[in-house]
Amino acid sequence: MTRAETKERNRRALLDAAFHVVSRDGHRARLDEIAEQAGLTTGAVYSLFGSKGGLVAALVTEYLRPHYDEIELAIPAEMELLEAVDAFARYYRRSCDAPTATSALSLQITLLDMALHDPELGSQLAASVRTQESHLVALFTGRSHDGNVVTSHQAQRLVTALRALFVGLTQGVILGLAPGADEQYFADTARALSSTATLIDPAASVPPRSA
């Protein structure tokens with residue numbers, strides 16, 4: 001194997017080991033155990049990721065990247081905003097029925113727990129999520145809505161609202177707390193959220209001062 005191939009193999013082994021150990025132990029996950037499961041030393045973690053926090057942040061990116069890639073494929077560029085939101089919602093609901101849905105939810109909860117116990121790690125995780133979410137902002141920016149074109153600022157506000165909605169609904173579906181939340185429910189709720197009010201730029205809505 002070339003040096004680059006060995007590096008990628010080691011990186012992949014550490015990410016796979018981190019997924020299992022972090023999913024099981026949360027903030028108590030030990031770096032030496034992760035390295036041992038990967039057949040490597042802790043030195044390899046520092047060499048490839050810089051720290052335990054760097055490894056966990058990379059794990060989040062690795063977990064989210066295919067998720068966002070699939071969303072881009074599910075939402076064609078020619079769709080208007082509400083059509084795109086509808087497709088996004090239906091994609092999210094279908095993901096609740098995937099074989100990996102329960103383990104994915106477990107990882108999300110574990111990562112939140114880790115972020116609460118380690119503020120520095122929490123900052124790294126937040127930065128990783130924001131980087132991935134920027135792809136969603138770009139995906140909605142420029143689409144037509146009510147005779148206008150959605151700006152990047154409006155898309156950012158919309159993505160923040162939709163993500164909060166879908167995270168809550170997804171947890172409800174997987175935990176059996178939202179039995180009636182089918183694809184149509186996800187789509188209807190998302191469309192309702194994507195109203196003019198959600199897209200209004202607060203700075204632009206301030207009335208002019210009287211003379």
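User: How many positive and negative side chains does the chain have, and what makes a side chain count as one or the other?

Analyst: The chain has 19 positive and 25 negative side chains. Lys and Arg count as positive, Asp and Glu as negative; His and the chain ends are not counted. The centres of the two sets lie 5 Å apart, each charge being placed at NZ of Lys, CZ of Arg, CG of Asp or CD of Glu. This is a predicted model, where local features need pLDDT of at least 70, side-chain atom pairs count only at pLDDT 80 or more, and totals for chains, interfaces and linings use all residues. Residues are numbered from 1 along each chain as its sequence is written, and side-chain values use heavy atoms, without hydrogens and water.

User: Why is E133 called buried?

Analyst: E133 has a relative accessible area of 11%. Buried means under 20%, exposed over 50%, and partly exposed in between, with a 1.4 Å probe and protein chains only. So E133 is buried. Buried residues make up 38% of the 211 residues in the chain.

User: Which residues is E133 in contact with, leaving aside its neighbours within four places in sequence?

Analyst: They are Y68, V159 and R163. Contact means heavy atoms within 4.5 Å.

User: Where is the place of E133 among the helices?

Analyst: E133 sits in helix 7, residues 119–140. Helices are DSSP runs of H or I with at least four residues; strands are runs of E with at least two, and numbering starts at the N terminus. The chain has 10 helices and two strands.
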